[in-house]
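Subject: The two-chain model, handed over

Hi,

Here is the structure I promised to pass on.

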Amino acid sequence: MRQIKVNTIINAVKDAAIQANYEKDEDMLAAFARGEQEEESPAGKEIFRQLLENARIASQERIPLCQDCGLAVIFAEVGQEIHFEGGGFAEAIQEGVRRGYIEGHLRKSVCHPLTRKNTGDNTPAIIHTDIVPGDRLHLTVVSKGGGSENGSKLFMLKPAEGLAGIKDKVVATVAEAGPNVCPPMILGVGIGGNFERSAILAKKALLRKVSDSHPDPELAALEKELLASVNDLGIGPSGLGGRITALGVKILMQPCHIASLPVAINIQCHSSRHVDVVL
Amino acid sequence: MNKKVKLTPPVTDDMVRDLLMGDQVLVNGVIYTARDAAHKRLLELLEAGQKLPVDFAGQILYYVGPSPARPGRVIGAAGPTTSTRMDVYTPTMLKLGLKAMIGKGKRSPEVIAALQEYTAVYLGATGGAGALISKCIKAAEVVAFPDLGPEAIHRLEVEDLPTIVINDCHGGDLYEVGRREFARVR
């Protein structure tokens, strides 16, 4: 058994939450730079310019990239040969989020659903845990904004609706969300599983690099086709009209029940923030 | 042709009429912030016949919940939140004399009609540019509902805060026109 002290986890999550909110990753910066070159709409070009400038200011002057520092979502792959020492694993993650949002001067955006009273420390975070072979702990700390989450949707399609139904729902979801979700957006599409699994797949798909494509050639082609269809909507950066509404479409798929065709569409604004830590 | 203008409150009807969809507007001077929670309280005060903490006549309202200021700083990140969530409250605010709103995202048909009825304008700021916009804010203080934290009403002094006219008081809608210009049917 490998021992990991929960204090190590607390510090790792804290540092990752802070880094995610101040440092734009290279993958997204490259996508913005490409967008500034390729966008035909002058207003849209100006938005890409502003986003590059925003990232520079955030990093250099230590101002969060976005005032919505998000709900913290943590994907944890826990090696089954690890023994956690000194406290609970989930509580350590929550404590890391708490410290990161307080010490990092990040906005606390979590509240009671009905009274709307703020919990004050951005907890509880959402934690998805998988037990995997080995003795490593892989944490992905995501700061997910509320605006793009609000534009996200889940559909339980009839199997007869098939691929055409999936395409329709993706395009319709983006058309409805429009400028509200801070385009240029990234779309995570979860196909199959069941009701809740499709949503988790959609969120997990957003962890992929914006520049990559699916290893399965058929799904890679579908991603490309969906991206073209979404960009044909003309919504553009900030919704001001333009060629680039989405920077990428990312699909994750798994088998589902013979009666079902679940499809979840998780929208990610351009302020895509996630940091990986391997312990 | 779109123009670039500065806008400083108090905003008059004539100033609003002059602003057209697509115009770049640099907002200056004193503006106020409010999100859903603050709007809800304002309307509750109105219903109870009580005085509001701010006189909104001729003013500009910015839909923002800033991140906390670091010690020695004025404010944290301060980009716009989605305006759609305020739609239900907006016609009442316009009736009180509010002249301009800064946010991001679509407004309801009711709000778009109310902009024409009360001669007011909806300005878009770049969503997700919270650090960039923060640099335009020179002073900030909470003037009402401090218990709401980031959702409290703040009084901000701003310098050349960059916005664009989304919905003008003549029925112009930049989101619609912009989208149609670039939409492709294959």
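Below is what I found, going from the contact between the chains down to single residues.

A bit of housekeeping: this is a predicted model, so local features need pLDDT of at least 70, side-chain atom pairs count only at pLDDT 80 or more, and totals for chains, interfaces and linings use all residues. Residues are numbered from 1 along each chain as its sequence is written, while chains are lettered from A and ligands numbered from 1 in the order in which they are written.

Let's start where the chains meet. Chain A puts 40 residues into the contact and chain B puts in 40 residues; two residues are in contact if their C-beta atoms, placed from the backbone, lie within 7 Å. On the chain A side, the elements giving two or more residues are helix H3 (42-61) and helix H5 (146-150). Helices (H or I, at least four residues) and strands (E, at least two) are DSSP runs, numbered from the N terminus. H3(A) is the top contributor on that side, with seven residues. Sorted by class, the chain A side has 16 nonpolar, 18 polar and six charged residues. Here Ala, Val, Leu, Ile, Met, Phe, Trp, Tyr, Cys and Pro count as nonpolar, Asp, Glu, Lys and Arg as charged, and the others, Gly among them, as polar.

Next, a helix pair inside chain A. Helix H1 (residues 6-22) and helix H4 (residues 89-103) of chain A pack at an angle of about 40°, and their axes are 7 Å apart. Axes are lines fitted to C-alpha atoms, for helices over the stretch in contact, and angles run from 0 to 180 degrees between N-to-C directions. That makes H1(A) and H4(A) oblique to each other (under 35 degrees counts as roughly parallel, over 145 as roughly antiparallel, 65 to 115 as roughly perpendicular and the rest as oblique). Residues in this contact include Val6(A), Ile9(A) and Val13(A) from H1(A), and Phe89(A), Ile93(A) and Tyr101(A) from H4(A). By class, the residues of the H1(A) contact with H4(A) are 12 nonpolar, three polar and four charged.

Over in chain B, have a look at helix H4 (residues 109-118). Its buried residues are Val111(B), Ile112(B), Ala114(B) and Leu115(B). A residue is buried if 20 or more other C-beta atoms lie within 10 Å of its own, exposed if 12 or fewer, and partly exposed in between, with C-beta atoms placed from the backbone. Down the axis of H4(B), the buried residues fall within an arc of 160°, so they line one face of the helix; the arc is that of the directions from the helix axis to the C-beta atoms. The face turned away from the buried side of H4(B) carries the exposed Pro109(B), Glu110(B) and Glu117(B). Among what covers the buried residues of H4(B) are helix H3 (90-95), strand S5 (121-124) and strand S7 (153-167) of chain B. Just after H4(B), Thr119(B) has a positive phi of about 55°.

Now the prolines. A cis peptide bond joins Pro183(A) and Pro184(A), with omega about 5°. Pro184(A) sits in the loop between helix H6 (162-177) and strand S7 (185-193) of chain A, and it is buried, with 27 other C-beta atoms within 10 Å. Setting aside neighbours within four places in sequence, the contacts of Pro184(A) include Gly35(A), Pro237(A) and His270(A). In chain B, the peptide bond from Pro9(B) to Pro10(B) is cis, with omega near 5°. Pro10(B) is in the loop between strand S1 (4-7) and helix H1 (13-17) of chain B.

Last, some loop residues of chain A. Ile235(A) is in the loop between helix H8 (217-231) and strand S8 (246-256), and it is buried, with 31 other C-beta atoms within 10 Å. Contacts of Ile235(A) beyond four places in sequence include Pro183(A), Thr245(A) and, from chain B, Arg179(B). Ser238(A) lies in the loop between H8 and S8 of chain A. Phi of Ser238(A) is near 65°, a positive value in a residue other than glycine, and Ser238(A) is buried, with 33 other C-beta atoms within 10 Å.

Cheers
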